[in-house]
Amino acid sequence: MTLLSLAIGGMLGAMSRYAVSLKIQGLTGILLINWLGSLLMGASLSLALLETDWNLFWLVGFLGAFTTFSTFAVQVVECWFTGKRKVAVLYAVATLVGGYLFVCLGWWICSFWV
């Protein structure tokens, strides 16, 4: 059951990321996906008190597949090597700093319910 929860969550997370990236393409789409995923991860971690199949489905499977570090890294490198160095640096900083801030914000918001 554990592997099935993880697999279904991962499949749905990847499909959701793909659907969002079709609507909002390029750097903006992946940035928003990673920020939203970070917000949801922080909120979920604040509420996840027990190791359950639901946590594996949602935290590891869905949110792990929804957010995408590899696509972010490729986009930074592509910007850098195509001469868009300022964009590469700003995008990297926005993704990393924003990701941490959104995890904290999600955790903080949901800490009122625990």
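Questions and answers on this model follow.

Guide: This is a predicted model: local features need pLDDT of at least 70, side-chain atom pairs count only at pLDDT 80 or more, and totals for chains, interfaces and linings use all residues. Residues are numbered from 1 along each chain as its sequence is written, and side-chain values use heavy atoms, with hydrogens and water left out.

Visitor: How many helices and strands does the protein have?
Guide: Elements are DSSP runs, numbered from the N terminus: helices are H or I with at least four residues, strands are E with at least two. From the N terminus on, the order is α-α-α-α-α. The count is five helices and zero strands.

Visitor: What share of the residues is buried?
Guide: Buried means under 20% relative accessible area, exposed over 50%, and partly exposed in between (1.4 Å probe, protein chains only). The C-alpha trace spans about 45 × 30 × 20 Å along its principal axes. Of the 114 residues, the buried share is 33%.

Visitor: Which helices do the buried residues of α3 pack against?
Guide: Helix α3 covers residues 53-66 and is mostly covered, with 10 of its 14 residues buried. Among them are W58, F62 and F66. Contact means heavy atoms within 4.5 Å. The partners of these buried residues are α1 (2-23) and α2.

Visitor: At what angle do the axes of α2 and α4 cross?
Guide: Axes are lines fitted to C-alpha atoms, for helices over the stretch in contact, and angles run from 0 to 180 degrees between N-to-C directions. Helix α2 (residues 26-47) and helix α4 (residues 69-81) have axes that come within 10 Å. Their crossing angle is roughly 145°.

Visitor: Which residues of α4 meet α2?
Guide: On the α2 side, the residues are G26, L27, I30 and N34. The contact divides into four nonpolar, four polar and no charged residues. Here Ala, Val, Leu, Ile, Met, Phe, Trp, Tyr, Cys and Pro count as nonpolar, Asp, Glu, Lys and Arg as charged, and the others, Gly among them, as polar. On the α4 side, the residues are T71, F72, Q75 and C79.

Visitor: Are α4 and α5 roughly parallel or roughly antiparallel to each other?
Guide: Their axes are 7 Å apart, at an angle of about 160°. Angles under 35 degrees count as roughly parallel, over 145 as roughly antiparallel, 65 to 115 as roughly perpendicular and the rest as oblique. The pair is therefore roughly antiparallel.

Visitor: How many nonpolar, polar and charged residues make the contact of α4 with α5?
Guide: From α4 come F72, Q75, V76, C79 and W80. From α5 come residues including R85, V87, Y91 and L96. By class, the contact has 10 nonpolar, two polar and one charged.

Visitor: How many disulfides are there?
Guide: A disulfide is a pair of cysteine sulfur atoms within 2.5 Å. For C104, the nearest cysteine sulfur is that of C110, 13 Å away. By this rule, the count is zero.

Visitor: Is C79 buried or exposed?
Guide: C104 is exposed, with a relative accessible area of 51%. C79 has 8% relative accessibility. C79 therefore counts as buried.

Visitor: What separates the C-alpha atoms of L101 and W80?
Guide: L101 lies in helix α5 (residues 85-110). L101 is exposed, at 55% relative accessible area. L101 and W80 are 21 residues apart along the chain. Their C-alpha separation is 25 Å.
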